[in-house]
Amino acid sequence: MPELPEVEGVVRQIRPVAIGKKIEDVFVSDTIRLSKTGGKEAVLKKVEADSFIERLKGSQIVSVERRSKYIYFGLRKDGEFLLVNHLGMSGAWFYVGSLMAIPEDKFRKHVHVVLTLSDGNLLAYSDIRRFGEMRVLNEEGDYPPLLLMAPEPFDENALQHFLDMSESPKYRNKPIKEVIMDGQVISGAGNIYATEALFRMKIHPNRAAHRISRKRRAELFQAIVDILLESIEAGGSTISDYRNINGESGGMQNRFAMYGKKQCMTCGSVTKTLKIGGRTSVFCPTCQK
Ligand SMILES: [Zn+2]
């Protein structure tokens with residue numbers, strides 16, 4: 001599943017090819033249309049395929065930003081509005097001259113939305129498992145969960161927000177791993193990066209938040225920020241279906257010290273797994289206390 005660094009990578013690539021361009025045409029796949037008539041709402045949320053097309057067609061892309069794991073396309077046509085996209089499990093954007101140019105068959109077969117840009121190229125959205133989301137909003141607040149997200153981890157107020165939240169009655173007794181993975185506490189620390197940061201800090205994922213000193217929690221927060229930045233630098237991690245807009249994989253997965261490991265690289269112990277907050281957590285029973 002693409003996490004913050006992967007989404008950041010996608011945004012940085014889309015920005016230079018999309019900003020200033022007009023969306024000349026929009027395509028929505030039959031699969032998406034059928035899912036809507038079946039009441040399933042795959043990918044396009046709270047908007048009919050035809051009104052989605054109508055709204056986007058003729059608009060100009062004025063900005064492309066990342067907020068947590070969401071991509072915000074700022075669009076202008078009789079006023080400004082947003083196309084907000086979450087990549088879900090396997091969403092990917094491709095910037096190509098034609099759909100045939102999408103590098104792998106599995107992505108080519110699952111193209112669900114295509115934006116034809118005024119330079120003649122396509123921004124094609126492929127989503128193998130269709131857990132991704134697209135919403136057309138007049139403003140962020142039209143989809144309230146967006147307003148509940150924690151500050152960006154790189155923002156000045158993010159550390160204080162994390163410390164306050166982790167001490168609040170709602171979170172203080174929860175396992176630290178569940179706390180740091182909660183998007184209202186820290187934006188964008190999904191399973192991979194939470195696992196890596198806890199291993200780096202030698203903190204057991206199941207330890208209750210209040211049993212970790214404020215100083216250690218501040219250090220843990222910094223470890224998360226460091227790992228996110230390292231991953232952005234490495235082009236993100238490719239676990240299964242993540243690709244950048246040219247179809248390339250990231251390199252961060254080669255640097256994992258704990259995520260997906262059977263043995264601890266530090267002490268050689270066999271790693272253990274626990275279900276925490278519904279997610280499988282890998283940890284070293286010797287190094288992490
Ligand atoms: Zn170990």
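How are the donor residues of the zinc ion spaced in sequence? The spacing is C-x2-C-x16-C-x2-C. Keep that pattern in mind while we look at the site itself. One caution before that: this is a predicted model.

The zinc ion has these protein donors: Cys264, Cys267, Cys284 and Cys287, each through its SG atom. They lie 2.2 to 2.3 Å from the zinc ion. What is the geometry of the site? The site is tetrahedral, with angles of 102 to 113 degrees among the four donor atoms. For reference, the ideal angle for four tetrahedral donors is 109.5 degrees.

Now take two of those cysteines. Is Cys264 buried or exposed? Cys264 has a relative accessible area of 3%. The cut-off for buried is under 20%, so Cys264 counts as buried. Cys267 is at 37% relative accessibility, and that makes Cys267 partly exposed.

Next, the sheets. Start with the four-stranded one. The sheet is open, and the strand order is E1-E7-E8-E6. The pairing is antiparallel. Which strands stand at the edges? Strand E1, residues 23-28, and strand E6, residues 91-96. Each has a single partner strand, so one side of each has no neighbour in the sheet. On average, neighbouring strands here are turned by 15 degrees against each other, ignoring direction.

Look at one pair in detail. E6 pairs with strand E8, residues 122-127, over six bridges. Find Tyr95, then look across to E8: the bridge partner is Leu123.

Five strands form an open sheet, in the order E2-E9-E5-E4-E3. Here the pairing is mixed. The edge strands are E2, residues 43-44, and E3, residues 60-67. Again, each has a single partner strand, so one side of each is left without a neighbour in the sheet. Inside the order, strand E5 (residues 80-86) and strand E9 (residues 133-137) run antiparallel, joined by five bridges. Asn85 has Met134 in E9 as its bridge partner.

H1 comes back here. H1 also lies across E3 and strand E4, residues 70-76. The angle to E3 is about 165 degrees.

What does the record say about this region? UniProt, in an unreviewed entry, annotates residues 2-132 as "domain: Formamidopyrimidine-DNA glycosylase catalytic". In the model, that span is 27% helix and 37% strand.

Now helix H7, residues 191-200. How many of its 10 residues are buried? Nine. Among them are Ile192, Tyr193, Leu198 and Phe199. What covers the buried residues of H7? The cover includes H1, H8, helix H6 (176-181) and strand E11 (279-283). Just after H7, Lys202 takes a positive phi of about 60 degrees.

Last stop: Ser249. This residue sits in the loop between helix H8 (214-233) and strand E10 (272-276). Ser249 is partly exposed, at 45% relative accessible area. Leaving aside residues up to four places away in sequence, Ser249 touches Thr238, Tyr242 and Arg243. Now compare Ser249 with Val43: 206 residues apart in sequence, and 23 Å apart in space from C-alpha to C-alpha.

Technical notes. Residues numbered from 1 in each chain as written. Predicted model: local features only at pLDDT ≥ 70, side-chain atom pairs only at ≥ 80, totals over all residues. Heavy atoms only, no water. Pairing = 2+ DSSP bridges. Helix = DSSP H or I, 4+ residues; strand = E, 2+ residues; numbered from the N terminus. Axes fitted to C-alpha atoms, helices over the stretch in contact; angles between N-to-C directions. UniProt positions renumbered as here; feature names shortened; annotations may be inferred. Donors = N, O, S within 2.8 Å, 3.2 Å for Na, K, Ca; no water. Tetrahedral: all angles 85-135°; square planar, octahedral: opposite > 155°, others 65-115°. Buried < 20%, exposed > 50% of the residue type's maximum accessible area, 1.4 Å probe, protein only. Contact = heavy atoms within 4.5 Å.
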